[in-house]
Amino acid sequence: MNIDVKPGPNDTMMIEPVEVGRIGIVGAGQMGNGIAHVCALAGLPVTIVDIKAEALTKAMATMARNMDRQVNRSVISSDDRDAALARVTTAIAYDAFADADLVIEAATEKEDVKRGIYKTMMPYLKPSCLVASNTSSISITRLGAATDRPEKFIGMHFMNPVPVMKLVEVIRGIATDEPTFQSVQALARRLGKITAVSEDFPAFIVNRLLVPMINEAVYALYEGVGSVLAIDTSMRLGANHPMGPLELADFIGLDTCLSIMQVLYDGLSDSKYRPCPLLVKYVEAGWLGRKTGRGFYDYSQTPPRPTR
Ligand code: CAA
């Protein structure tokens with residue numbers, strides 16, 4: 001018997017990777033403006049959408065300041081900076097994404113916030129538009145299922161500070177198709193980044209290793225093993241880390257560190273991921289690190305003063 005086999009919709013020969021030209025970014029926070037920064041410097045037009053107009057103004061100022069640092073260190077020219085900044089537009093509504101080929105969502109690390117954004121945003125995107133989340137820990141499969149295009153949905157996890165850090169973790173959900181995967185790999189290369197592919201497990205690779213180390217440093221502080229300074233000095237000089245774990249926690253944001261520990265604890269059901277009660281207390285106090293001026297260090301003084 002002769003069976004006539006026709007290529008199915010998942011045969012990669014039928015679907016070419018989309019070349020990403022125009023980028024949309026959701027969220028003007030530290031990750032959103034860093035991603036916009038590297039995309040614009042790579043020659044891509046970028047639109048950042050945030051519901052808060054003042055966050056957009058702040059993001060543009062931060063981007064200009066960070067590009068100035070690069071000009072001062074001769075990493076880029078002042079012409080590169082001016083051309084890149086001219087490629088970035090901002091908006092407070094999702095209709096600004098009508099022409100985007102890829103939208104990268106870099107909103108707060110809260111699943112309900114991300115789901116709410118997708119629900120409102122999807123109707124404004126063209127059908128071929130890819131969607132990536134910069135989530136640092138939440139399931140890509142679950143987030144993709146909250147969109148109208150799980151096959152075009154993927155994790156693209158940048159590291160902070162984005163202009164400096166070389167890595168992008170790429171995470172496929174169960175439904176993500178090969179052309180979407182190839183498109184974001186090509187984009188990461190264009191941005192000058194190196195990718196590492198992680199399977200869709202809680203917190204992926206970087207944060208599965210990094211954030212439990214930070215949580216352990218908070219336990220060491222909580223149990224009185226050492227002071228803030230002793231713990232950070234130990235890891236900076238004893239393990240050659242560029243920042244100590246508590247300084248790094250303040251840099252990432254203690255709320256983000258806590259939510260990543262919660263995702264690990266809930267997702268892997270293992271007590272070794274129990275968030276340290278002191279970390280919880282700091283977050284409850286609103287001491288979230290650099291962004292609020294106080295965390296394990298007090299940033300109202302220069303140099304920042306350890307708080308314990
Ligand atoms: N934009 C542009 N350039 C920047 C920058 C920024 N935001 N921040 C720093 N730089 C540049 C500086 O201009 C400088 O450039 P050159 O190397 O060309 O001279 C370089 O970066 C080093 O900066 P500094 O001299 O000011 O300070 P430093 O040597 O102390 O380095 C650091 C700063 C790069 C942040 C370094 O301390 C470091 O690597 N820290 C660890 C960062 C880290 O671990 N990030 C990952 C966090 S985890 C994450 O992001 C995942 C998650 O989901 C939580």
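Is Tyr282 buried or exposed? Tyr282 counts as buried, at 3% relative accessibility. Keep in mind that this is a predicted model.

- Tyr219 and Tyr222 make an edge-to-face aromatic pair, with 6.3 Å from centre to centre and 65° between the planes.
- Both tyrosines belong to helix H7 (residues 206-222), where they sit three residues apart, or about one turn of the helix.
- Tyr219 is buried, at a relative accessible area of 11%, while Tyr222 counts as partly exposed at 46% relative accessibility.

**A pair that links two parts**
- Tyr282 and Phe296 count as stacked because their ring centres are 4.7 Å apart and their planes meet at 25°.
- Tyr282 is in helix H11 (residues 277-284) and Phe296 is in the loop between H11 and strand S9 (297-298), so this pair ties together parts that are 14 residues apart in sequence.
- Phe296 is buried too, with a relative accessibility of 0%, under the 20% cut-off for that label.

**Charges over rings**
- Arg294 has its charged end over the ring of Trp287, 4.1 Å from the ring's centre.
- Over at Phe181, Arg172 lies over the face of the ring, at 3.7 Å from the ring centre.

Terms used:
Residues are numbered from 1 along each chain as its sequence is written. This is a predicted model: local features need pLDDT of at least 70, side-chain atom pairs count only at pLDDT 80 or more; totals for chains, interfaces and linings use all residues. Side-chain values use heavy atoms; hydrogens and water are left out. Rings of Phe, Tyr and Trp (its six-membered ring) pair if their centres lie within 6.5 Å; planes under 30 degrees apart count as stacked, over 60 as edge-to-face and the rest as tilted. Helices (H or I, at least four residues) and strands (E, at least two) are DSSP runs, numbered from the N terminus. Buried means under 20% relative accessible area, exposed over 50%, partly exposed in between (1.4 Å probe, protein chains only). A charge sits over a ring if NZ of Lys or CZ of Arg is within 6 Å of the ring centre and within 35 degrees of the ring normal.
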